[in-house]
Amino acid sequence: MSTSPQSLQRAEALARFDLLSVEEYDITLDLAADESTFRSLARVRFQSGGGSTWIDLKPVAVHDVRLNGEPLDPGLLDGGRLPLDTLAGDNELVVDATMPFRNDGEGLHRSVDPADGRHYVYGMSFMDAAPTIFACFDQPDLKAPYTFHVRAPEDWVVFGNGRATSPEPGVWELERTQPLSTYFVTIVAGPYHVLRAEHDGIELSLSARASIAADLDADADELFTITRQCFDEFHRLFGIRYPFGAYHQAFVPEFNAGAMENPGCVTFRDPLIFSSRVTRGVRIQRATTVAHEMAHQWFGNIVTPKWWDDLWLNESFAEYMGVRVTAAVTEYADAWTDNAYARRLWGLMADQGPSTHPVAGNGAEDAASALQDFDGISYAKGSTILKQLAAAMGDEVFFAGVVDHLTRHRFGNATMHDLLDSWERAGARDLDTFAANWLRTAGADTLTFDRAAGVVLRTPPADHPADRSHTFRAAVAVDGVWEDRPTTLTATETPFEVPDGAAVLLDPYTESWSMTHPDPETLAALKTLLPVMEDDLLRSGAWNAVREALHDAAVDPADVLDLVEAALPVEDPEDGGRRTLAWVQSWVVPLAGRDALARVHRAALGKLAATEAGSEQQLAALRVAIGSSTDPTELRGWLDATPPGIELDLDLRWRVLVRLATLGATDRDELQAAYDVQPTNRSRIEHTRAVASLPDAEAKAWAWDRFTGKVDVPNYELEAAGAGMWRGGQEELTDPYLERYFADLPTAVAGRSGWVQADVVAFFFPRGAVAGGTLERARAATDDDTLPRAVRRRIADEADLLARRVAVLTAYPRP
Ligand SMILES: [Zn+2]
């Protein structure tokens with residue numbers, strides 16, 4: 001146990017796959033004995049070609065190891081690997097070890113609910129974490145069935161990939177599963193509140209912490225309904241039954257990702273159980289997440305990518321199918337609109353950034369660096385390309401190929417080539433060219449309308465040239481009336497004539513993949529057209545075009561602010577607002593000049609006054625007004641009395657307190673008192689955000705201790721501390737930390753691994769530091785090979801976004 005664990009290399013995975021096939025895992029966990037560790041007994045039966053290999057194991061202590069009955073020296077464990085000298089044919093390995101409960105959202109995560117002091121556990125095996133739960137051959141293509149036996153405190157319930165029953169208090173037996181990859185094996189255990197239902201022969205259940213039981217109860221109907229609707233639609237589209245038995249959806253604390261698709265036992269971040277009033281956009285996001293994880297039961301779980309370079313086969317499909325099915329069969333028919341706001345810019349920035357990679361064959365050479373490819377390219381770009389592909393080949397061929405793929409490789413692993421072969425068998429043509437341009441070449445074309453020349457220009461990125469054809473509907477407004485115009489671009493210049501003064505939006509419905517800048521006349525026209533635009537999806541396309549142009553320094557932020565001012569009072573702030581206004585706060589306000597925040601605030605107040613009491617638009621307008629207020633009296637007024645139709649719930653109370661803290665208009669006593677009134681998990685996170693936002697040296701040092709790891713806090717608190725750290729107007733306090741950010745990076749990274757290690761670097765990155773050499777320091781850090789590769793990549797991505805801000809200020813300087 002000397003050297004630190006290293007991530008699995010692709011070549012090693014190939015060699016081990018050639019040597020072994022795993023017959024079964026039988027795992028016994030004792031979660032009841034101790035609060036910091038648990039006992040894990042793994043019995044692994046496998047076939048070998050004979051010879052040496054290793055099993056992955058990251059324990060606190062090893063008590064006994066036996067291979068084919070012979071004891072092995074646990075002292076041989078090195079870097080998370082225990083060498084094995086296998087026999088040709090049948091082998092049985094038994095590993096008895098003590099494992100750590102973790103608090104970083106990986107392995108078996110254990111947390112204490114501040115609301116009632118109860119303990120909760122869930123497993124997240126993804127990417128290198130399974131061996132901290134049980135000894136295993138940790139790679140996606142060594143699948144095997146699992147049988148779990150769990151001992152837990154008597155007031156706990158236990159869920160896992162196999163259906164769980166409790167023959168006696170504190171003892172749980174889980175049914176043997178279908179063959180699973182290690183990365184989606186899980187156990188969820190604790191005094192969870194559980195709701196059960198059934199649909200079409202599938203047992204359904206939901207769980208959440210006991211302290212949010214009432215919130216789960218309130219949401220259960222909606223969640224079960226979406227689950228039922230999606231099962232029916234997936235069964236209809238694929239004609240392949242969900243094969244993993246019961247379907248449990250566990251909402252768990254301090255989860256790093258949005259959700260994880262573990263077969264039979266999906267885990268979600270529990271802020272998705274709403275403790276305060278939310279608006280429609282948030283519900284759409286949750287619905288698409290539910291559908292996305294269900295899509296993974298087919299894409300990812302029945303057939304799994306052989307290696308991480310094909311993770312798009314998981315994520316692009318789940319993203320595409322999740323949104324498509326949500327829009328088709330749930331009450332959220334507008335799911336594509338929310339998707340356009342939430343995902344397109346994210347994907348385009350990733351695709352234009354320094355770490356861009358092809359959708360397929362991202363080149364991931366080890367498992368840890370593949371984690372960083374769970375990015376806007378693997379989700380948003382991949383989804384758009386599949387949407388395009390389905391439109392081009394038609395649903396019949398598209399699904400025939402998919403079903404061929406799922407059937408041929410059922411419970412096994414496959415590659416992109418296998419899928420392309422399936423589509424060809426189903427009758428698809430010209431896939432080679434399509435795959436070469438869209439799946440195997442990185443980067444996005446930029447499309448611009450050259451009004452004077454009467455053409456649309458298609459400019460591929462210089463570093464990633466390709467001859468990509470685009471097919472989409474453009475939208476053209478003549479005398480204020482929008483009309484769609486079917487458009488195909490197959491050359492660098494395509495004639496595109498419009499009447500004088502017409503506004504032009506290229507690909508506003510996200511049917512292809514490109515950066516689309518509005519030309520100056522269109523931008524000017526949008527100031528009158530946006531406020532009366534009725535089509536929500538078209539409006540998302542208009543906003544995305546403006547956002548893309550600003551990120552390319554191709555539009556003046558002052559013009560964007562005019563647009564916000566003109567459009568905010570009339571448009572639904574939940575889509576055009578929640579997404580766009582978060583962007584306005586971080587991209588437009590700091591770059592558009594001194595009065596920008598005041599103008600956004602005035603527009604929000606106008607909206608608040610004009611909207612109907614009790615409407616979601618009213619709630620969204622109040623949130624914007626809180627976030628943009630600089631007047632403590634006004635803010636305290638909302639603490640005393642919210643506008644009619646709005647209740648001051650936990651969410652709103654903390655929004656006001658965080659804003660007061662940022663302005664220096666509250667103190668630690670008031671914040672602590674607010675926490676003590678409702679000491680929930682959410683309050684603890686918001687309390688952290690508020691304290692870190694206070695404009696005093698002590699608060700910044702307090703936040704910084706969380707960055708360096710001197711004070712160890714879970715992921716959500718870490719994120720909140722980072723958000724509070726750098727507040728506009730507090731530069732005198734925070735400027736010294738610009739230098740310290742880079743000096744302390746090695747310390748911040750040293751004690752962390754996996755998700756949190758790269759996340760903490762992004763949470764605390766000084767995003768607004770456009771002056772003072774931060775960009776140069778960040779670029780130097782990306783070349784510092786003493787930092788982990790994943791960390792350097794995150795800094796490179798942040799540096800790219802900072803460089804875009806600097807470019808906007810250079811192009812449009814402010815006095
Ligand atoms: Zn996914």
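Biologist: What should I know before reading the values?
Modeller: This is a predicted model, where local features need pLDDT of at least 70 and side-chain atom pairs count only at pLDDT 80 or more, while totals for chains, interfaces and linings use all residues. Numbering runs from 1 along each chain as its sequence is written, and side-chain values use heavy atoms, with hydrogens and water left out.

Biologist: Which residues coordinate the zinc ion?
Modeller: Donors are N, O and S atoms within 2.8 Å of the metal (3.2 Å for Na, K and Ca), and with water not among the atoms, sites may look incomplete. Here the distances are 2.0 to 2.1 Å, and the spacing along the chain is H-x3-H-x18-E. That gives H292 (NE2), H296 (NE2) and E315 (OE).

Biologist: Which helices do H296 and E315 lie in?
Modeller: Helices are DSSP runs of H or I, at least four residues, and strands are runs of E, at least two, numbered from the N terminus. The pair ties together parts that are 19 residues apart in sequence, because H296 lies in α3 (residues 280–298) and E315 in α4 (residues 312–329).

Biologist: How many residues of α15 are buried?
Modeller: Buried means under 20% relative accessible area, exposed over 50%, and partly exposed in between (1.4 Å probe, protein chains only). The buried ones include Q618, L622 and I626. Helix α15 is largely enclosed by the rest of the structure, because the count is 10 of the 13.

Biologist: How are the rings of F134 and Y146 arranged?
Modeller: Rings of Phe, Tyr and Trp (its six-membered ring) pair if their centres lie within 6.5 Å; planes under 30 degrees apart count as stacked, over 60 as edge-to-face and the rest as tilted. The count comes to 45 aromatic pairs. In this one the centres are 5.7 Å apart and the planes sit at 70°, so the pair is edge-to-face.

Biologist: And how do Y146 and F148 pair?
Modeller: Y146 is buried at a relative accessible area of 1%, and F148 is buried too, at 4%. Their ring centres are 6.3 Å apart with planes at 15°, so the pair is stacked.

Biologist: Which helix supplies the largest share of the lining of the largest cavity?
Modeller: The largest share, 5 residues, comes from α5.
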